[in-house]
Amino acid sequence: MQLPKSSKQFFSEAGAISRFTAWFFHEAFRPRYEWKEFGRQCYEIGYKSLPLIALTGFIMGLVLTMQLRPSMLEYGVEAKLPDIVSLSVVREIGPVITALIFAGKVGSGIGAELGSMKVTEQIDAMEVSGTNPYKYLVVTRVAATTLMLPVLVVLSDAISLYGGYLGVNIKAVTSWDLYMTQVYNTLQFSDVLPAIIKTFLFGFAVGMVGCYKGYHSKKGTEGVGRSANSAVVLSSVIIFIIDLIVVQVTDIFGFN
Amino acid sequence: MEQQLTYPNENVISIRGLKKYFGENKVLDGFDLDLGKKENLVVLGRSGSGKSVLIKCIIGLLAPDSGQIEVFGKDILSLDHQALDEMRIRIGFLFQSNALYDSMTVRENLEFPMRRHSIDLNEEDARQRIEEVLDNVGLSHTIDMMPSELSGGMMKRIALARTMILKPDIILYDEPTAGLDPVTGKEIITLIMDIRQKYNTAAIIISHDMKCVKATADKIILLQNGKNYKEGNYASFIGSDDPYVQQFFE
């Protein structure tokens, strides 16, 4: 039996991404270590994403609270609004929405940058200059996305909870202390830990897919555009798949 | 310190039976080449005939399917990564697209190969060398500019300066005058000749530009179907009555 062409392409692409990922672990833990470039990438990827992540986090918390209020009122559990907002934000919405926005901003940027470097022979020039381009370009970016996304998610969650506080106060009056006490009483270690762990996986996926797409960009401006676009699409899909797997695994270990 | 050439004969590069296939496409199919010390060799051929593939095999960016490439008497294909990097210090490569790093200034572009190859130079010597190569290409004032602020001709000259920063013994030029106006093209040709004069470099030049071929070539090899079709000096090509050869010189 012969596989259809699209299936062959799928498995071929999956194999190529797997090899590319395996190469990361081969290169990441051997000298020479590119600390300076890694620091620069953390700044570019983490610090420069902060305003966007903060804004979306704030709106996310505010809108979620405003949307939930009518239903909560209907069931007479309006007082539980901080509990439900904090659980939703910290466990699911915060990590996933932040990761998707991160994929849109950072994943596409990495795909376009490396794609452009590939078609203008900058990657070849690096190799000729005694540099391992995979280590210099890919390892540093993937390490930076893996470490920066959890930080951004924590910040986004905090800002989102503040947005939720303002949302609660639009049609009622709740003190900051009371709101935060309810949030702290609701959130357990088992809510926070799996959520943080999955953000490392999201960050790794965004960086790896962006680098893979850029590194294998086809010639010409169309190829660069396609790399950037497919980096976002594929990493978004992978974020949902990782989320699904992590939920199943944490369920098995009794974290849900 | 001046680098000493240590190889058994006068050829700095010797290639025998080089084959490189991309699927069914036999790009190089038993190609031979000898490049002498201080010699300029032009490789001619139609687009897609494997000229760029040839020089990428020499510098180790592409692995040939079979054949032998000796540079300074050492088989490039048997070198480990570190030895290949050391060899690359002695081979400059001018990319067709210039390949300047967009995110770095001209100074950082020129520093990059020195820093990465761990060349033993103090800050002052490194600064002097950058100023020297920039002065050679007449672009000292661009040192703090970004590549995006430079014209096509300026980018080519900066790329040439970067190629020269490690003072290589061999330079591989991939279509050095492609996409440039005739005046700028002539300036690049003059620079190529000046570099040979000043640094005693040998060079392989990939070019379609007949002005460049005429001005720079000590020897020409015409490639067809991945093999050597004709070899000789400029006069022998001009005087050839072979219709395929004549197409290039019309």
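## Chain A

Chain A has 9 helices and 0 strands, where helices (H or I, at least four residues) and strands (E, at least two) are DSSP runs numbered from the N terminus. Read from the N terminus on, its elements run α-α-α-α-α-α-α-α-α, and its C-alpha atoms fill a box of roughly 65 × 50 × 35 Å along the principal axes. This is a predicted model, in which local features need pLDDT of at least 70 and side-chain atom pairs count only at pLDDT 80 or more, while totals for chains, interfaces and linings use all residues. Residues are numbered from 1 along each chain as its sequence is written, chains are lettered from A and ligands numbered from 1 in the order in which they are written, and side-chain values use heavy atoms, with hydrogens and water left out.

Over all chains the count comes to 27 salt bridges, a salt bridge being a side-chain nitrogen of Lys or Arg within 4 Å of a carboxyl oxygen of Asp or Glu. One of these joins Lys213(A) to Glu13(A), with the closest N and O atoms 2.6 Å apart. Lys213(A) lies in helix H8 (residues 189-215) of chain A and Glu13(A) in helix H1 (residues 5-28) of chain A, so the pair ties together parts that are 200 residues apart in sequence.

## The four-stranded sheet of chain B

Chain B contains an open sheet of 4 strands in the order S2-S1-S4-S5, with antiparallel pairing; two strands pair if DSSP finds at least two bridges between them. Strand S2 (25-36) and strand S5 (74-75) of chain B stand at the edges with a single partner strand each, so one side of each is left without a neighbour in the sheet.

Strand S1 (residues 11-22) of chain B runs antiparallel to S2(B), and 9 bridges join the two. Within this pairing, Ile13(B) has Leu35(B) of S2(B) as its bridge partner, and Tyr21(B) stands opposite Lys26(B) in S2(B). S1(B) and S2(B) form a hairpin with 2 residues between them, and Gly23(B) in the turn has a positive phi of about 65 degrees. Helix H1 (residues 51-58) of chain B lies across S1, S2 and strand S4 (66-71) of chain B, running at about 120 degrees to S1(B); axes are lines fitted to C-alpha atoms, for helices over the stretch in contact, and angles run from 0 to 180 degrees between N-to-C directions.

## The six-stranded sheet of chain B

An open sheet of 6 strands in chain B has the order S6-S7-S8-S3-S9-S10 and mixed pairing. Strand S6 (91-94) and strand S10 (227-232) of chain B stand at the edges, each with a single partner strand, so one side of each is left without a neighbour in the sheet. On average, neighbouring strands of this sheet are turned by 20 degrees against each other, direction ignored.

Strand S3 (residues 40-44) and strand S8 (residues 202-206) of chain B run parallel and are joined by 4 bridges, with Ile205(B) in S8(B) as the bridge partner of Val42(B). Helix H6 (residues 182-199) of chain B packs on the sheet, touching S3, S7 and S8 of chain B, and its direction makes about 170 degrees with that of S7(B). S9(B) and S10(B), by contrast, pair in the antiparallel sense over 5 bridges, and Leu223(B) has Asn228(B) in S10(B) as its bridge partner. In the hairpin of S9(B) and S10(B), which has 2 residues between the strands, Asn225(B) takes a positive phi near 50 degrees.

## The interface

The contact (heavy atoms within 4.5 Å) takes 23 residues from chain B and 16 residues from chain A. Together the two chains bury about 1,700 Å², 46% of it on carbon and sulfur atoms, buried area being the accessible area (1.4 Å probe) that two parts lose on being put together, summed over both. Leu61(B), Tyr101(B) and Arg116(B) supply 34% of the area that chain B buries against chain A, more than any other three residues.

Between chain B and chain A the count is 4 salt bridges, and the side chains of Glu121(A) and Lys56(B) meet in a salt bridge at 3.2 Å, N to O. The elements that give two or more residues to the side of chain B that touches chain A are helix H2 (81-89) and helix H3 (106-116) of chain B, and H3(B) gives the most, with 4 residues.
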